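Hi,

Here is the structure I said I would pass on. Have a look at it first, and my notes on what turned up follow below.

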Amino acid sequence: MTILLISALLGVILLALEIFKMRSLMFPVIVLSMLGILAGTIIDWGISENIMQQNMMMNDAFALRSIAILTILALGWFITQRNAIEETGNSADLYALLAFSFCGALLMTNFTNMVMLFLAIEILSIPLYVLAASKRGNKASNESGFKYFILGSTASAILLFGITLIYGVTGTFDLYRIHDFIAENSSSTLLMAGIAMVLVGFGFKISAAPFHFWAPDVYQGAPTPITGWMATVVKGAAVLGMYRLFKGAFDGAMPALEGIIALLVALSLIIANGMAAIQTNVKRMLAYSGISHAGFMLASLLLVSFDPTSIFFYVLSYGTASLLAFVILYNLGKEHDEDLSTFHGIATNNPMSAALLSISLLSMAGIPPLAGFFGKYFIIQGIIQNHTWLAVVMILTSVVGMYYYLKVIMAMYSKQTSNVHMHESNRWILSIFAIALMGMFVAVQWL
Amino acid sequence: MIALSLFILPLLTGLVMLNSPSLPSKKLASAIGAIMTLLVVGAWVRTAYGVTDQFHIGLIEKIGFNASFLLSGPSIAMALLTSLAAFLIPITSFGKDQEASHRFYGWMMVMVGAMMGAFITTNALFFYLCYELALIPIFFMILKWGHGENLTKIVTRFFLYTLFGSLFMLLSMLYVQSTMEVPSFEMADMIKAANALSSSEQGWIFAGFFIAFAVKMPVFPFHSWQPSTYDRSPIQGTMLLAAVMLKMATFGLAYWVLPMVPQGIKEHGQWAVVLSVISIIYASLMAISQKRLKLLIAYSSVAHVGMIAAGLLSNTEQGTVGGYFEMFSHGLLAIALFAVYTIIENRVGHDKMNEMGGIRTSNPTFAFLFFILVMGSVALPFTSGFVGEFLLIQGLSHISLLWAGIAGLSVILGAAYMLRGFQKMMLGNGNTPFETLSISEYWILGGLVAAVIILGIYPAPLLNLIQMTF
């Protein structure tokens with residue numbers, strides 16, 4: 001309960017601080033709240049009995065671990081992007097919106113009721129529509145916000161329709177009763193249609209193909225820090241919520257859905273990696289790579305057991321890597337564009353940034369022993385027995401992935417001279433991320 | 001503990017060197033190599049007293065991913081080669097130095113550590129990890145210190161090609177693991193699980209492994225990355241690639257795949273022998289037509305590795321022992337031949353064989369040392385090359401006299417291209433100006449020549465070591 005209270009109050013407190021002209025306190029308050037949430041999860045870490053809250057949510061082992069992961073990512077994001085937020089001049093609005101969105105993200109992981117799920121998604125998304133358009137003078141940012149809003153609302157509508165259908169068949173919003181219903185009754189067409197619509201809605205949210213069309217434009221147009229937030233916390237929360245819903249409540253319906261999910265995964269991997277390989281803008285390329293990672297995370301639904309270790313690890317590793325990448329991209333993008341040609345030879349003047357970005361990209365590419373490799377490894381290991389063809393697709397598309405990540409690294413270390421001098425802030429915290437990517441596999445045992 | 005320190009020492013030194021420009025990196029790298037060599041020799045001596053060096057620590061117990069090291073006979077042989085390479089490669093650049101040498105040798109030591117890990121581990125996933133990890137340093141070495149046009153294209157092709165191949169190895173490993181009750185990557189469990197599979201399944205698993213190794217070795221038709229990469233990479237990188245890195249593939253074949261899927265190789269793996277033999281002939285013919293010394297050595301390396309692969313795949317005792325022996329011998333010869341190349345390149349300024357001649361008249365001692373190395377490469381009796389190739393061909397003859405005969409041709413072809421190259425540069429009427437060698441150059445070349453001869457005349461200690469398994 002404390003966790004929820006802290007996260008829900010954080011946004012309000014931040015707005016109040018603005019009213020009382022105490023802007024300098026905002027950042028410390030955020031950090032303290034995050035640490036408080038982390039402490040809350042650690043206190044409850046080993047709980048054996050789960051306490052239901054108002055029949056709406058439950059902080060079980062899955063929720064606690066998810067909250068811890070999302071909080072770590074969000075904390076990392078706030079620390080590294082503090083300057084970016086405060087430079088805009090309206091830090092109070094941005095901080096508050098981010099805090100609300102964070103609250104929604106946490107709710108995505110501990111709901112036990114479909115209503116709660118829908119509320120969580122909306123709390124998570126609505127601030128994002130504003131945030132994506134927060135660079136007010138910029139056309140691309142406005143377009144991005146608008147596009148995100150229209151398509152996001154459509155997705156929410158589809159999701160809601162799905163929920164309604166499920167309610168119509170089962171007569172309840174409660175996940176446990178839905179679970180029992182599916183287990184006891186033979187699945188009806190209407191129920192399957194409802195579940196499929198929920199899947200489509202989530203497909204939009206996590207930007208899996210073929211519902212990915214908004215992602216490249218939105219990612220590219222939105223201010224880079226916000227793109228980073230979307231790629232780490234938001235995507236992670238959506239994936240974890242999806243896992244909780246499909247592997248928990250809809251478990252009985254999964255055999256019927258496996259074929260469709262496998263198809264979505266394959267489509268995401270092929271389309272995203274293929275498109276990413278031909279991009280010349282690095283930010284857009286990362287958007288496409290995000291779609292391919294969404295494919296991998298979606299594949300976690302195909303795992304045989306509920307054991308969520310692999311998806312936790314994937315969210316954590318991908319989140320850390322993209323956090324690192326987007327911070328560097330932001331530092332570069334302040335004075336230059338994110339075109340690949342800008343990257344040529346920047347390693348000479350900015351060795352630190354180049355090294356950090358390389359580590360992050362190599363991790364996303366899945367080069368051992370970086371965290372990204374193990375993330376992919378756990379997923380592939382889990383599905384190889386039942387979906388061997390999908391494992392082969394994953395491996396083949398990974399090679400394409402390596403190609404475009406390498407393109408950036410190679411550009412940075414090429415021998416051309418470059419006059420780009422980046423502002424290298426947050427050296428220490430970013431180095432910690434990079435080291436974390438190298439040694440993260442040890443953490444698997446604690447998840 | 002020797003095993004662990006063999007892995008950790010170069011890795012740590014490498015990481016420190018990458019970040020400290022003030023260290024005398026070249027000397028330090030060589031010194032660490034020397035220490036490692038002593039450690040390996042120590043481990044070798046200890047085996048005589050029946051002590052086996054082991055280390056085991058669980059990393060991800062859940063999936064059976066452990067850092068487990070075991071210094072068995074073949075491992076010690078390859079560890080010795082790796083340490084010697086770490087010791088010799090920095091000092092064979094002979095005065096000519098790379099810029100930002102701390103990074104260069106830092107990457108080199110990281111790579112040495114990764115390769116060492118691959119040779120001494122008994123955990124399949126750890127082997128795979130090291131196998132991949134070794135790519136990253138060489139990628140940066142070639143990208144940053146390589147020369148010539150289209151460098152990025154060549155490096156990309158090299159990197160993607162090898163990564164692409166090794167992913168199939170991972171797939172095979174995962175498949176074997178998925179058949180186990182308790183997931184484990186330990187060698188004994190992997191062998192047990194793989195042996196229990198049907199022969200067609202074993203055939204597929206073998207195919208996955210072989211594609212990975214065939215790209216790395218390289219074997220025809222997966223070789224297209226190799227000549228240009230060898231050519232463009234800085235000479236120390238080429239030495240690392242030819243002397244040690246490709247041995248990870250042949251070693252993996254002998255140490256992991258042969259015990260795992262013997263049935264699969266026997267019934268469904270003969271295509272690999274055919275490819276290896278084609279590779280020998282193809283590379284020999286390519287070598288004959290080369291005009292530059294570096295490419296000549298590169299192609300001859302493909303031919304030798306094809307021979308190793310074919311012999312190993314016979315899965316006979318002679319084949320395996322000969323394979324390990326030839327890996328060691330070829331490693332030494334590759335370092336020595338590329339050292340010769342460096343000496344020539346430093347003096348003449350290029351390595352076009354047609355434009356040289358008569359070096360023997362101005363420097364007979366150098367020509368003599370070079371000649372012995374050529375003989376070693378051609379596998380003349382009383383050189384180390386002979387012992388390995390003889391055993392390999394003998395092993396191959398157990399499965400097919402025809403293949404053994406064709407592979408044997410390679411010795412003749414080898415003589416043709418090596419001697420032609422030698423003749424063009426060292427003999428003839430030309431009088432290429434050639435400074436005398438420095439003391440250190442004499443010592444290093446002389447030492448390598450001595451090693452080649454000693455191993456040829458008295459191979460027993462190394463052969464005994466290789467046959468010592470646990």
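How many residues of chain A are in contact with chain B, and how many of chain B with chain A? On the chain A side there are 21, and they meet 24 residues of chain B. Before I go on, please keep in mind that this is a predicted model.

Staying with that contact, helix 15 and helix 16 of chain A each put at least two residues into the side that touches chain B. The biggest giver is helix 16 of chain A, which supplies 9 residues. By class, the side of chain A that touches chain B has 16 nonpolar and 5 polar residues, and no charged ones.

Helix 15 of chain A covers residues 371-383 and helix 16 of chain A covers residues 388-413. Their axes lie 9 Å apart, at an angle of about 155 degrees. An angle over 145 degrees counts as roughly antiparallel, so helix 15 and helix 16 of chain A are roughly antiparallel to each other. From helix 15 of chain A, the residues involved are A:K376, A:I380 and A:I383, and they meet A:L390, A:A391, A:M394 and A:S398 of helix 16. Sorted by class, this helix-helix contact holds 5 nonpolar residues, 1 polar and 1 charged.

Now the chains one by one, starting with chain A.

Chain A has 17 helices and 2 strands. Its C-alpha trace spans about 70 × 55 × 40 Å along the principal axes. A compact globule of 447 residues would have a radius of gyration near 22 Å, and the 21 Å of chain A agrees with that. Of the 447 residues in chain A, 58% are buried. If you take the contacts in chain A between residues at least 6 apart in sequence, 80% of them join residues at least 24 apart.

One residue of chain A that I looked at in detail is A:L332, which sits in helix 13 (residues 309-333) of chain A. Is A:L332 buried or exposed? A:L332 has 23 C-beta neighbours inside 10 Å, so it counts as buried. Leaving out residues up to four places away in sequence, A:L332 touches A:E338, A:T342 and A:M422. A:M422 is 90 residues from A:L332 along the chain, yet their C-alpha atoms are separated by 5.8 Å.

On to chain B, which comes to 21 helices and 2 strands. The C-alpha atoms of chain B fill a box of roughly 70 × 55 × 50 Å along the principal axes. With 470 residues, a compact globule would have a radius of gyration near 23 Å, and chain B, at 21 Å, agrees. Buried residues account for 62% of the 470 residues of chain B. For contacts in chain B between residues at least 6 apart in sequence, the share joining residues at least 24 apart is 83%.

The strands of chain B deserve a look too. Strand 1 (residues 54-60) and strand 2 (residues 65-70) of chain B run antiparallel and are joined by 6 bridges. What do strand 1 and strand 2 of chain B form? They make a hairpin, with 4 residues between the strands, and B:G64 in the turn has a positive phi of about 80 degrees.

Cheers

Key: Residues are numbered from 1 along each chain as its sequence is written. Chains are lettered from A and ligands numbered from 1 in the order in which they are written. This is a predicted model: local features need pLDDT of at least 70, side-chain atom pairs count only at pLDDT 80 or more; totals for chains, interfaces and linings use all residues. Two strands pair if DSSP finds at least two bridges between them. Axes are lines fitted to C-alpha atoms, for helices over the stretch in contact, and angles run from 0 to 180 degrees between N-to-C directions. Angles under 35 degrees count as roughly parallel, over 145 as roughly antiparallel, 65 to 115 as roughly perpendicular and the rest as oblique. Two residues are in contact if their C-beta atoms, placed from the backbone, lie within 7 Å. Ala, Val, Leu, Ile, Met, Phe, Trp, Tyr, Cys and Pro count as nonpolar, Asp, Glu, Lys and Arg as charged, and the others, Gly among them, as polar. The radius of gyration is taken over C-alpha atoms; the globule rule is 2.2 Å times the number of residues to the power 0.38. A residue is buried if 20 or more other C-beta atoms lie within 10 Å of its own, exposed if 12 or fewer, and partly exposed in between; C-beta atoms are placed from the backbone.
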